[in-house]
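Please consult the sequence and the structure shown here alongside the text.

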Amino acid sequence: MSENRNGIMQEKDMRQVAIKQNIGKGVVKFFLYLFLITMALIVLFPFYWMIISSLKSLEEYRLSVPTFWPRTIMLSNYAEAFKAANLGRLFLNTLYVGVVSTLLSLVITVLSAFAFARLEFKGRETMFGLLLATMMIPGELFTITNYSTITQLGWMNTFTVLIVPFLVSVFYIFLLRQNFMQIPNELYLAAKVDGTSDLKYLWKVMVPLSMPTLISITILKMMGAWNSYIWPRLVANDAAHQMITNGLRNAFTDTTGDVNYPVQMAAVAIVSAPLFLVFVFLRKYIMAGVSRSGIKG
């Protein structure tokens, strides 16, 4: 009897411990989700404010007490924004610079990463280390020297000045090189025995196996070109070569200096939409490319 009682008491104690553990896990999970929801609302609120502001009239926008939903939805702000800022031309300019710079950058990145990952030459590791060391230098420090160089070359107010200075990215080379290092070297040696050239092996083997990383680099490069502001503002601010971010700066300011903020917010929403769609539908490729790169090598 005493053994049965002890067994029952132990079983009750175990149940109580399990209940306490479940309650503890539930409380932790509750506060975790509460924290995540709060952070998500903080991050999403500026986008919400941008959207509702783009749908307000100028008079409602200037009210001393802001409204959190438009009294009258002004969809005409979007049509006015597209026309006032000449968004069609800005989209084409930005798309041209983004596509050309991305394609050229991919070629340079693939060839450089392949050289540092597979080709054997004297000083390879030293050269790669020096290349990585340049990542510690803030990009803003290159602005003065780059500006002096492109002025001497006569590239001001051209598409060339928007494309060439940023074709090489040490980070992209490092990312792809790490991915290439994960591909077994036996494949490369077997291909060399069969008489396969380096370029053919790169195109037929390494590029397909590293496609997630290449897609990630493509997306990040395009997003960088889309968001570029300071350099285009400095070297190509004429109407023929203006980028989207610069075109929106003063497009909605009248002769008296007043800014039509709802129309400006509508233009910002239009410009932000492609980046939002890229993030929503292609984020898995970005994560896959970064995660596959690893830290080998």
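The points below proceed from the overall architecture to helix packing and then to individual elements.

The model is a predicted one. The protein contains 14 helices and 0 strands, and its radius of gyration of 28 Å is well over the 19 Å given by the globule rule for 297 residues, so the protein is more spread out than a compact globule.

**Overall architecture**

- Read from the N terminus on, the elements run α-α-α-α-α-α-α-α-α-α-α-α-α-α.
- The C-alpha trace spans about 100 × 75 × 30 Å along its principal axes.
- Of the 297 residues, 32% count as buried.
- Among the contacts with a separation of 6 or more, 71% are accounted for by residues 24 or more positions apart.

**Packing of H4 against H5**

- Helix H4 (residues 87-117) packs with helix H5 (residues 124-133) at an angle of about 135 degrees, and their axes lie 10 Å apart.
- H4 contributes Ala 115, Phe 116 and Ala 117 to the contact, while H5 contributes Arg 124, Met 127, Phe 128 and Leu 131.
- By class, the residues of this contact comprise 6 nonpolar, no polar and 1 charged.

**Packing of H4 against H10**

- H4 also packs with helix H10 (residues 198-209), at an angle of about 100 degrees and with the axes 12 Å apart.
- Angles of 65 to 115 degrees count as roughly perpendicular, and H4 and H10 are therefore roughly perpendicular to each other.
- On the H4 side, Val 110, Leu 111 and Phe 114 take part; they meet Asp 198, Leu 199, Tyr 201, Leu 202, Met 206 and Val 207 of H10.
- The contact of H4 with H10 divides into 8 nonpolar, no polar and 1 charged residues.

**Helix H11**

- Helix H11 (residues 211-227) has 17 residues, which at 1.5 Å a residue should span 24 Å; the C-alpha atoms at its ends are 24 Å apart, in agreement with that expectation.
- The buried residues of H11 are Pro 212, Thr 213, Leu 214, Ser 216, Ile 217, Ile 219, Lys 221, Ala 225 and Trp 226.

**Leu 175 in helix H8**

- Leu 175 is located in helix H8 (residues 170-181).
- With a relative accessible area of 7%, Leu 175 is buried, since the cut-off for burial is under 20%.
- Leu 175 lies 46 residues from Gly 129 in sequence, and their C-alpha atoms are 14 Å apart in space.

How values were computed
Residues numbered from 1 in each chain as written. Predicted model: local features only at pLDDT ≥ 70, side-chain atom pairs only at ≥ 80, totals over all residues. Heavy atoms only, no water. Axes fitted to C-alpha atoms, helices over the stretch in contact; angles between N-to-C directions. Helix = DSSP H or I, 4+ residues; strand = E, 2+ residues; numbered from the N terminus. Contact = heavy atoms within 4.5 Å. Nonpolar A, V, L, I, M, F, W, Y, C, P; charged D, E, K, R; others polar. Expected span 1.5 Å × (residues − 1). Buried < 20%, exposed > 50% of the residue type's maximum accessible area, 1.4 Å probe, protein only. Rg over C-alpha atoms; globule rule 2.2 N^0.38 Å. Parallel < 35°, antiparallel > 145°, perpendicular 65-115°, else oblique.
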